[in-house]
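Student: I would like a close look at one part of this complex, taken slowly and with the terms spelled out.

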Amino acid sequence: MSSLILLLQTSFRNIFSSFLNVVIGLIILFGTLFFVVGGSMVDSMDKSMSRSIIGSIAGNAQVYQASSTDSPALFEGWQIPDLDPIPDFSKVKGPLMSDPNVAAVVPEGINTAIVVYGNTIDQILEKLRKAETNHEPKEKIESLKSHIRQMVSVIQTDMGKLDKIASKGAMDPEAYKDISKASSPAFWDSFNKDPFGHLEFLENKIAYLVPDSDQIFLSYVGTDLDSFTKSFDRLQIVDGQAVPKGHRGMLLSKYVYENQFKLKAANRLDQIREAVVEKNKKIAKDPDLQDLIKQNRNQTREIVLQLDPLSTQKVMAVLQTTLGSKETDLPKLLSAFFDTNDDNFLGRYKVFYDQIAPYLELYRLKPGEMLTIKAYTKSGFVQAVNVKIYGTFQFKGLEKSSTAGSMSLMDLMSFRDLYGYVTPEKIAETKSLEKAAGAQFVSRDKAEADLFGGSDVEQTTQTKINDKTEMGGGTKLKRADLVNRVYSADEMEQGVAMGAAILLKDPSKLKETMKNLQAICDKDNLGLKVIDWQKAAGNLGQFVFVAKFILYLATAIIFVVALVIINNAVVMATLQRVREIGTMRAIGAQRTFVLSMVLIETVVLGLVFGTVGVCLGSGFVLWLGHSGVPAGNDFLYFFFSGPRLYPGLSVGSLIGAFVVVLLVTCLSALYPAVMATRVQPIQAMASED
Amino acid sequence: MNRNHFYHQDTKAPSKTKEYFNFSKPKSNSLKASLVSWCLGGERLLKVSLLLALMFPAAVFAGTLTKAEMVDVLKGIDLRIRSGGDYKALVYLEQHQKDKPDVAQEAIVYRRDADQKLMILFTKPKTEAGKGYLRVDRNLWYYDPTVGKWERRTDRERIGGTDSNREDFDQSNLAVQYEPAFAGEEKLGAFDVWHLKLTVKSGIDVAYPIVEFWVDEATGNYLKRQDFALSGRLMRTSYDPKWNKVYSDIKKDNLWFPKEIHIYDEIDKANSTLVVIQSVDLSALPENMFTKAWLETKSR
């Protein structure tokens, strides 16, 4: 014991005895600091990311059909995994709920769809066609007509400009005749005599001249919306209202709503404002902001075509006053208005929203309106449904995350329509059609050999085709009924689901609960597989594993380097102390004493500097925990579960740091310690000579 | 190899089709025949063949068509497919896709070639009934009664989600739309065919800017077609192995249509489509039927 005390005293005394010790110490200090800070950051990110994933869509665990080719990947964007459907959700919900730790089982399915918007004039013509078909009030029809007339006038002006710069023959001469006809007073005077004939003319001869048709890609989760909103308590309704219980309907993600459905010029203004006000960026120094301004300056057509004649006059008056200009060309005025800099941007932003936006449709769609979306069904058909948009939503703390905001929410019945589950009836109908046609499908590799053996010509005769007979099986559609229909809980549950999110009462018991749930599924032959939220999140969920791997790899590299350097340094130090060790051996020091001396000296050195590293690292983490690490981009916003990550000290990292220091110092000192034990007293004397 | 006999095989009234193909047998074939007969025999055949191959363009011996002859071939195809009056056909479409069940649909195709109008109305299965396409001038519209919406589509539209496109059902305008080039004389199964390479003329919108046709020398029907993107990438291959003809009183000639079209997707190789034209009716159609309003009424 006295020897140990003596050795410890000597070790502490020798810490700063040589420059080499300081170098070794600093390497250990840096390694432990890195380990503590990195470990705490990764652990905090793990926790925040789990909050993001569990709280947005995944729940604590997911179940899906074990026979599926893929496994769920909830955040993979357009990569929709190939999952077999659960044919009847009601049959699996009960058994899953039998686990006492399960709070809710929410049916879910992910799909992607397309929303097609015709060009600007197509959209107004569609409104007019609907108004004429439904015999809507005369004022509304006249207003739409006046808007279309204004659009025709804009197109005619554009064509006039194009004619001056385009090469001869670039424009179809018929197009000039058609636009002249559409802009003539005679055309509009005779409109009411044959509205549909006039509409056909405008749709087929004029509308194609505006090439600004657009489509929006939507990712959505089909779910029992009532159950979903109750189970995922981070969900907040931003605009409109929640979908009433049992109704068909959709909630658009606020992020998607702002970025996809908003007037592009307004969205660009919002982006510039956020950068200028919240991120303190300067337009003069930021090429991205300058590019947004340039786009707004050049792309004024979207606004010009939105305005009817009266609105055009009012907007022009606002622009002339703001700019102090007498210009009467609206595109030129808008272009000048959007030409902003750091001095005038916020003022123009205010003018836009206060005085111009009231004349515009800022969003293509408002809560309460119908949206037509379509998707490829499981059987390959394109299926479209009309869904009422009740409002927009966001997940609290993840408002600006494109990842969390990528998914909109759709009712389960509409989801099932778009999914197009292949029922036995559908299969029978296909077989019947195939049989009636009597056609022989020929595989690609045999096509030329099988198809071109004999004569290719046959005389045939006409056969009367009766449209009504052929259409006999067609369904009569009742679109309005679908929108207003209220579905019972049984109707919602007794049908296809692609999987389900499981939310736990006590998330800390995730592993045990998953094990139990899998046992229930196997026992009841449900054919389901249970996975945790991390796996369900797809590649995103593996991010923390990757981050941890990188951290451990970097730490390992640092300490392997440290190990080699410490080893060499201690060897050199031992060689310098041959005389001292030889003398100690000559006066009776045992080999074990010498071994212990070298080991303890190195370990003490490591522990002292390691402790300093741990303290510095802890201090740094505590400071970060107070000030927060800003999320620089959308990706980090999701990982941080908000705009900033507030890391906390990880006990595991502190303990791990000390264990690693001990291990590295012991290993690095082992060889020189053994070498020191072999020093003979005679060597001390020889060196004296 | 006889290019002439098929132009006169129609037994009914004289046709315009014959005018387009009333050209005499090209001299190149006679020259080829005499040279070959002279050369046949022992080693001399090989030596002379090599010498001639160096001295003369290969096309002389391959039955090359002149540009005018190729345009006539295309005009012939166009004229045969064109209907003098109205046209209605009951069509079956079958789509095969990887890892998906087969899709079978039935549709009625309506055409009024004089006005360049086309309508495709899906009748089966029940879920698809009432959906349809309407082509008026440059516009191809798609109507879905389940949502009551019209959408503008391009000429590349996959009709009913299959590998077929509008041109497979519409009248043909090959001679107007494309510049032909001769690619060779080939064998396609039991058939001798001309291989033509067509490139779209400037300013004309078509589904595919480059198309290759394999035209039966004996009948003038195209049997195989390959569609390419502008980049030269092969997009799809289709076979039209059987052609039916039905006499049209208005046209005073036969109207030709492919009985079957086998289409193979060259991008997604697992996808293919079979189109069968089951029956054709040349009765007059209602005057106002090629309108949005008419198609909408079918599902109301």
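Student: How many bridges join E1(B) to strand E15 (residues 272-281) of chain B, and do the two run parallel or antiparallel?

Tutor: This is a predicted model, in which local features need pLDDT of at least 70 and side-chain atom pairs count only at pLDDT 80 or more, while totals for chains, interfaces and linings use all residues. Residues are numbered from 1 along each chain as its sequence is written, and chains are lettered from A and ligands numbered from 1 in the order in which they are written.

E1(B) and strand E15 (residues 272-281) of chain B are joined by nine bridges and run antiparallel; two strands are said to pair if DSSP finds at least two bridges between them, and strands (E, at least two residues) and helices (H or I, at least four) are DSSP runs numbered from the N terminus. Within this pairing, B:Leu93 has B:Val275 of E15(B) as its bridge partner.

Strand E1 itself spans residues 86-97 of chain B, and eleven of its twelve residues are buried, where buried requires 20 or more other C-beta atoms, placed from the backbone, within 10 Å of the residue's own, exposed means 12 or fewer, and partly exposed lies in between. E1(B) is also joined, by eleven bridges and again in the antiparallel sense, to strand E2 (residues 100-112) of chain B, and here B:Gln95 has B:Val103 as its bridge partner in E2(B). E1(B) and E2(B) form a hairpin with two residues between them, and in that turn B:Asp99 has a positive phi of about 60°.

Strand E7 (residues 178-188) and strand E8 (residues 191-200) of chain B pair antiparallel over ten bridges, with B:Glu185 standing opposite B:Trp194 of E8(B). The hairpin of E7(B) and E8(B) has two residues between the strands, and B:Gly189 takes a positive phi near 60° there.

As for the setting of these strands, chain B has six helices and 15 strands, and of its 300 residues 46% count as buried. Of the contacts in chain B with a separation of 6 or more, 52% are between residues 24 or more positions apart, a contact being two residues whose C-beta atoms, placed from the backbone, lie within 7 Å.

Chain B also meets chain A: 67 residues of chain B are in contact with 54 residues of chain A. The side of chain B that touches chain A divides into 26 nonpolar, 19 polar and 22 charged residues, with Ala, Val, Leu, Ile, Met, Phe, Trp, Tyr, Cys and Pro counted as nonpolar, Asp, Glu, Lys and Arg as charged, and the others, Gly among them, as polar. Strand pairing crosses between the chains as well, since three bridges join strand E9 (residues 457-459) of chain A to strand E12 (residues 243-248) of chain B, and these run parallel. In E12(B), B:Trp243 is the bridge partner of A:Val457.

Chain A, for its part, has 30 helices and 13 strands, and buried residues make up 36% of its 689 residues. Among contacts in chain A between residues at least 6 apart in sequence, 80% join residues at least 24 apart. Taken along the principal axes, the C-alpha atoms of chain A fill a box of roughly 125 × 75 × 60 Å.
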